[in-house]
Each structure stands twice: as structure tokens, then as C-alpha cells.
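Keep the structure open beside the text as we go.

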Amino acid sequence: MLISSFQPDSAATSTVLGAVTYGLDSRDPHLAHGFPELTVHAVTDPADGFTEVWHSDGPVEHGTLDGVVHAYDGENLFCAARIDDGNDCMEAVRAAYTTALGLTRTLGYERIFRMWNFIENINGTNSKGLEIYQDFCQGRSQAFREFAFTDSQLPAATGVGALGGGIGFCLLAGRSVRRVNVENSRQMPAWRYPERYGPSSPSFARATYVASPNRGAFIYVSGTASVVGHETVHPGHIADQCGETLTNIEHLLSSGNLAVHDLRPGRRLEDLRDIKVYVRRRQDLHTVREICAKAFSPAADIAFLNLDLCRADLLVEIEGVVFPE
Ligand code: 3EB
């Protein structure tokens, strides 16, 4: 069973599958604490740092392949990697993704249901004048194509900025879970975005529904923003972007939208847990905090990170997980 928490439970390190630390610098993924850990440069004040930990039921095996650190427990696989130089990153992203996707094949955990990507200078331009995020999307899309992924096999994902350290990414995959991709009928599937957003469309699903026999279902909600159809709405307006983002998540989880994918029952914003909120402008943090406090359950952990987002006009992005009943 995969349960994440925002703080490491030191009494249970033997059952940790993997961890991501949102810290003051970025580090290559390593096994120093007995499990794969990726450190992303994501905060400037140590008080804002935290570690997200995925726990496992059973014994965990781990390894490293071409810098991709990984751990698996018979049901789930966690992989983490870092690309040192994020400029002109297409080839390096393709290569690192290829190693990670290759691991999912050789180890037999082919149902990749969630990925995170943290990209330094995400809105900057590379030496060819292409935005670094769009360059990243090209490498990612090539790797998925090499492995013949269909649209309905793409993971839920987050793609946001980092304060330094090139590109860090990690993934969660299952061996035998039933997984169903969920799109959002208010939004165009990201993998169909028109070319004006970049030469390769972003390779991710709006959410993945992941069920194990007898264990109920998790719904992993991708980083969600103020995008309707394929367009950014409410440019420059933080409260409206935040509201539109919540409307998008609410609709994604609604019975009507889930029924399109033969999934039920509908879920609500109050069911979301392990929420991460990415806010581009520091001065918007208090507004976003207030709106989120009203929208989400007091039982939910909510982490706020002041990072850039993948489109220059997006101000806020929100992700989370719905746990089984
Ligand atoms: C959007 O809706 C916002 O490239 O992995 C959200 C989640 C976004 C993941 C990614 C991008 C990604 O297009 C951007």
C-alpha cells in the first residue's frame, strides 16, 4: 500500500519506498538513508522545507542504474533522477527518461501512475531560443514514444520550476494495479495541446485512478492550473486563477467526469489529501493560503511552494491525492 506523508517517520525507515525533500539546494538522488531520496531546490527559508515520503508494506529492494536510483517492493516502484544542466536539456531528458522507463520494463512495474518534474529556469530560453519547458517536453515525449506509450498509459504528472539544480524528476509505478487514466472535460488533454504551446505536447494525464484488489482506489490528481480548453484564463489575476483551478479539480473528481471513465463514486475537493500548491509570486501566497484553507478539508496536509510554473502566465498550480475510503 502506498501512503505518502509530508514528514519522514523515522521509526519506519525500513518500509520507506522513496522520498522527495523540498530543500535549500538540489542533490543527486541517493540511497544514503536506506531508500531513494531526491532533494529538490525548492525553498529559500529552512522553515519552509519538508520531505514527502512514500511508505511500503513489505521488504524493499533498491538499486542504481545510470544515475537513476530506485526501490521496489513487489507492488510499487519508485525511481528518481537528476539532470545537472537543464539548458538544452532535450537529449538529457530523453536519455534519463529512457533509463527510468527501461527500469519499469525490466523490473516489471510498467503501470506508471504518477511523475513529478522540477525544472530550473523553466520559463528561460535555451540556445536555440526555445523555452526550456518546451525543450523538456520534447525529450520527455520522445522517451514515451520510444517505449510505445499510448495516451491512456501516460502518468498523472506535475511540471514546475526549481530554484536551482537542473532538472529533478521521480516516478511511482505499479506492477499489477488496475489503473485508469482520467481526463477533465473542462480541459483539453494536455497531450493534444496545439503546437503554439511547444513542438511536443506535454505527456501527462489529468489524473490516474489506481486500484489494488481489496484495497480501494487512490486518485492521483496532476498539477492543475487555470487552464480551460487549452487556454490560460484570468491572466494576472491570482484569486480568479486559484478559483478556476479549484473548479477544474472539483470537476475532474465529479461523478459526471469520473463516469466518462466508468469510475464511481464522484469525489469532492474535501476528499483531497497530500496537497501541494505551487505559487509563482511570493506576494500571492497569503491570498492562495486563504482560498485553499476554505476549499480543502482541515484534515488535509497542504504544502505551499513559491516556484515558477510551466506557462509564463500561470500563477498557481495545485495537486493532490484522494485516498481509499
Ligand atoms: C497545464 O494544465 C498546466 O508538463 O508535466 C500541469 C501538470 C502542467 C503537469 C507537465 C504541466 C505538467 O497544462 C501545466
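Helices (H or I, at least four residues) and strands (E, at least two) are DSSP runs here, numbered from the N terminus. This is a predicted model, so local features need pLDDT of at least 70 and side-chain atom pairs count only at pLDDT 80 or more, while totals for chains, interfaces and linings use all residues. Residues are numbered from 1 along each chain as its sequence is written, and side-chain values use heavy atoms, with hydrogens and water left out.

The search runs on a 1 Å grid over the protein atoms alone: a cavity is a set of points where a 1.4 Å probe fits but cannot get out, a pocket is an open set with protein on both sides within 12 Å along at least five of seven lines, and lining residues have an atom within 4 Å of a point. Grid points are joined across faces, edges and corners, and a volume is the space filled by probe spheres set on the points.

How many cavities of 30 Å³ or more does the structure hold? There are 4, and the largest cavity has a volume of about 80 Å³. Both β13 (207-212) and β14 supply at least two residues of its lining. Met 1 and Leu 2 are among the lining residues of this largest cavity, as are Phe 113, Val 210 and Phe 218. By class, the lining has 7 nonpolar, 2 polar and 2 charged residues; Ala, Val, Leu, Ile, Met, Phe, Trp, Tyr, Cys and Pro count as nonpolar, Asp, Glu, Lys and Arg as charged, and the others, Gly among them, as polar.

Now for the open spaces. The largest pocket holds about 370 Å³ of space. Its lining runs to 27 residues, and Tyr 133, Tyr 193, Cys 310, Arg 311 and Leu 314 are the closest to its centre. The helix α2 supplies the largest share of that lining, 4 residues, while α2, β10 and β14 (216-224) each give at least two. The lining splits into 12 nonpolar, 8 polar and 7 charged residues.

What takes up the space of the largest pocket? The ligand does; a molecule sits in a pocket or cavity if more than half of its atoms lie within 2 Å of its grid points. In the shell around the ligand, α2 (132-146) and β10 (156-162) are the elements that give two or more residues, and β10 gives the most, with 3.

That shell has 13 residues, and the closest are Tyr 133, Arg 140, Tyr 193, Arg 206 and Cys 310; a residue counts as near if one of its heavy atoms lies within 4 Å of the molecule. The shell divides into 7 nonpolar, 3 polar and 3 charged residues. Polar side-chain atoms of Arg 140 and of Tyr 193 each lie 2.7 Å from an oxygen atom of the ligand. Arg 206 has a side-chain N or O atom 2.9 Å from a ligand oxygen. The protein covers 100% of the 360 Å² of accessible area that the ligand has on its own, by the Shrake-Rupley method with a 1.4 Å probe.

One more stop: the second largest pocket, with a volume of about 260 Å³. Of its 15 lining residues, Val 43, Asp 48, Arg 289, Phe 304 and Leu 305 lie nearest its centre. The strand β18 gives the largest share of this lining, 4 residues.

Notes. A polar contact is a pair of N or O atoms within 3.5 Å; within protein, one must be able to donate a hydrogen and the other to accept it, and residues adjacent in sequence count only if both atoms are side-chain atoms.
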